[in-house]
Amino acid sequence: MPRKKASRGAASAFQQVQRQARTLLVNLRKDIRLKESILSKLKQEEARLGSLIGRGGGASKAVSSGPRGRVNWRTVLSALPKQFKAADVREVRGLKGKRPSEIFAAITRWIDAGAARRKARGVYERV
């Protein structure tokens, strides 16, 4: 008979720990939701301030790091179709004003890196 008391005491201790864990979990989830809402508001404020100083969001952010920033050519390549021409590269947002020499230099780097290959004259393919 003493076993039942010990097992009941152990079960209640386990239930007590379980209750405490549930309470902690609920509080943790509340904290996470609160911090996520704060983070969301901060991101909105960042976007507003960025637009105020002339930095747009969206796809152009992935291509360049600012109005006259460096171009992320890997992102440009991933935005292109499987087969592309130099004219297709120029159509990617943020590259309209690039010189042809810069575009062909990027294509050459992609070929040398094995990220693209030449299919025919003026036609390239992403690998």
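Rings of Phe, Tyr and Trp, the last represented by its six-membered ring, are taken to pair if their centres lie within 6.5 Å. In this predicted model, ring pairs link W73, F84, W110 and Y124 into a cluster. A search of the whole structure finds 3 aromatic pairs.

One of these pairs joins W73 and W110, whose ring centres are 6.2 Å apart and whose planes stand at 65°, so the arrangement is edge-to-face. Planes over 60 degrees apart are counted in this class. Because W73 belongs to helix α3 (residues 73-79) and W110 to helix α5 (residues 100-113), the pair ties together parts that are 37 residues apart in sequence. Both W73 and W110 are buried.

W110 also pairs with F84, again edge-to-face, with a centre-to-centre distance of 6.0 Å and an angle of 85° between the planes. As F84 is located in strand β1 (residues 83-84) and W110 in helix α5, this contact ties together parts that are 26 residues apart in sequence. F84 has a relative accessible area of 1% and is therefore buried. The corresponding value for W110 is 6%, so W110 likewise counts as buried; the cut-off for this class is under 20%.

L25, L28 and I32 make a nonpolar surface patch of about 260 Å². Within this group, L25 is placed in helix α1 (residues 2-52). L25 counts as partly exposed because its relative accessibility is 38%, a value to be read against limits of 20% for buried and 50% for exposed residues.

Key: Residues numbered from 1 in each chain as written. Predicted model: local features only at pLDDT ≥ 70, side-chain atom pairs only at ≥ 80, totals over all residues. Heavy atoms only, no water. Patch = residues over 30% accessible without salt bridge, like charges linked within 9 Å, V, L, I, M, F, W, Y side chains within 5 Å. Areas by Shrake-Rupley, 256 points an atom, 1.4 Å probe, with all protein chains shown as cover. Salt bridge = Lys/Arg side-chain N within 4 Å of Asp/Glu carboxyl O. Helix = DSSP H or I, 4+ residues; strand = E, 2+ residues; numbered from the N terminus. Buried < 20%, exposed > 50% of the residue type's maximum accessible area, 1.4 Å probe, protein only. Phe/Tyr/Trp six-rings, centres within 6.5 Å; stacked < 30°, edge-to-face > 60°.
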